[in-house]
Amino acid sequence: MATFSSIFKELTKSKVRLVRRLAILQVIVGILLGFWALFNSAFEGENKAYFLVAFLMITPLFDIAYLALSSRKNEEVYSSQTWRLAPIKESSLLFANLLSAVVNGVYLVILQIGMILVSGIPVMGTNEFWKTTFKKFGSIGEGKLWQEMHIMDLLSSIVLIVLIGIFIYLAVSLVNFTGKIVSDFLPERISKLVYFLVVVLLGCIGLIFLINTYDFILTSLTGFLQNGMFLTTLSKDASEVRSDLTSNYLTLLIVLGVDIILILVNIILLNKYHEARI
């Protein structure tokens, strides 16, 4: 029986190549966009900030790209006979697959932070940058920002982001499993069409769900950040922000509960119904 750690290491290695390719591509795109902005004065502000602004702009796009591509890789693992025939429980395979995607996502974020810091070196060395920073975020200059920082709330915001990422991975797997299970009971000539229709239908339902819960989750995430680090900077009243903490933690628990339910459902589908094809 293969161990969880061995499967996790192999899956992590297979996905780390995706992270490195995206990181290299982001560096290339960031540099090209920075030079383009420099020569065309596309961004407001002094020239030294162009590369910093370029990397800040494209980072969310590459995060979304990683989420989409890693979701696809997750599904390839579930559909692979090589992985499905490995001597390991389906539940362990699912957890290893999820964890490897999350770990590599964190690795990408660390690389992106490094890119942003390096691209910001030219502008951070100017007095104008610090004057502007102190003017807009006076609490940093006064040292109050760090006095108001609450580590638990900052960590909670990170946990919430990770749980949302896991939810997206699990939701994609649920849609994929359901579509393949339904199509498997139909003649081959129409199975692909039915799979496509089921995926589109469930995808639309999931999109509607995300749209309806977007503001609710974003409010909780913002609340964690405000109370965790930006309370004084944003001139928020402490009692007002902290009064929302109960709902913020409730949101975190709800997302965690939904993730657990999806994990259980996906394990059942993967174990009893979903068969590898390749």
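Guide: Let us begin with a definition: a residue is called buried under 20% relative accessible area, exposed over 50%, and partly exposed in between. Please keep in mind that this is a predicted model. L99, which is found in helix α4, has a relative accessibility of 38% and therefore counts as partly exposed.

Visitor: Which residues make the nonpolar surface patch, and which helix gives the most to the patch?

Guide: The patch, of about 310 Å², is made by F4, F95, L99 and V103, and helix α4, covering residues 90-119, gives the most to it, with 3 residues.

Visitor: How is a pair of aromatic rings described, and how many aromatic pairs does the structure hold?

Guide: Such a pair is described by the distance of the centres and the angle of the planes. The structure holds 3 aromatic pairs. One of them joins F4 and F8, whose ring centres are 6.3 Å apart and whose planes meet at 5°, so the pair is stacked. These two residues lie 4 residues apart in helix α1 (residues 4-40), and are therefore separated by about one helical turn.

Visitor: Are F4 and F8 buried or partly exposed?

Guide: F4 counts as partly exposed because its relative accessibility is 34%, whereas F8, at 19%, counts as buried.

Visitor: What is the geometry of the pair F35 and F51?

Guide: Their ring centres are 5.0 Å apart with the planes at 90°, so this pair is edge-to-face. The pair links distant parts of the chain, with F35 in helix α1 and F51 in helix α2 (residues 50-79), 16 residues apart. F35 is partly exposed at 38% relative accessibility, and F51 is partly exposed at 22%.

Key. Residues numbered from 1 in each chain as written. Predicted model: local features only at pLDDT ≥ 70, side-chain atom pairs only at ≥ 80, totals over all residues. Heavy atoms only, no water. Patch = residues over 30% accessible without salt bridge, like charges linked within 9 Å, V, L, I, M, F, W, Y side chains within 5 Å. Areas by Shrake-Rupley, 256 points an atom, 1.4 Å probe, with all protein chains shown as cover. Salt bridge = Lys/Arg side-chain N within 4 Å of Asp/Glu carboxyl O. Buried < 20%, exposed > 50% of the residue type's maximum accessible area, 1.4 Å probe, protein only. Phe/Tyr/Trp six-rings, centres within 6.5 Å; stacked < 30°, edge-to-face > 60°.
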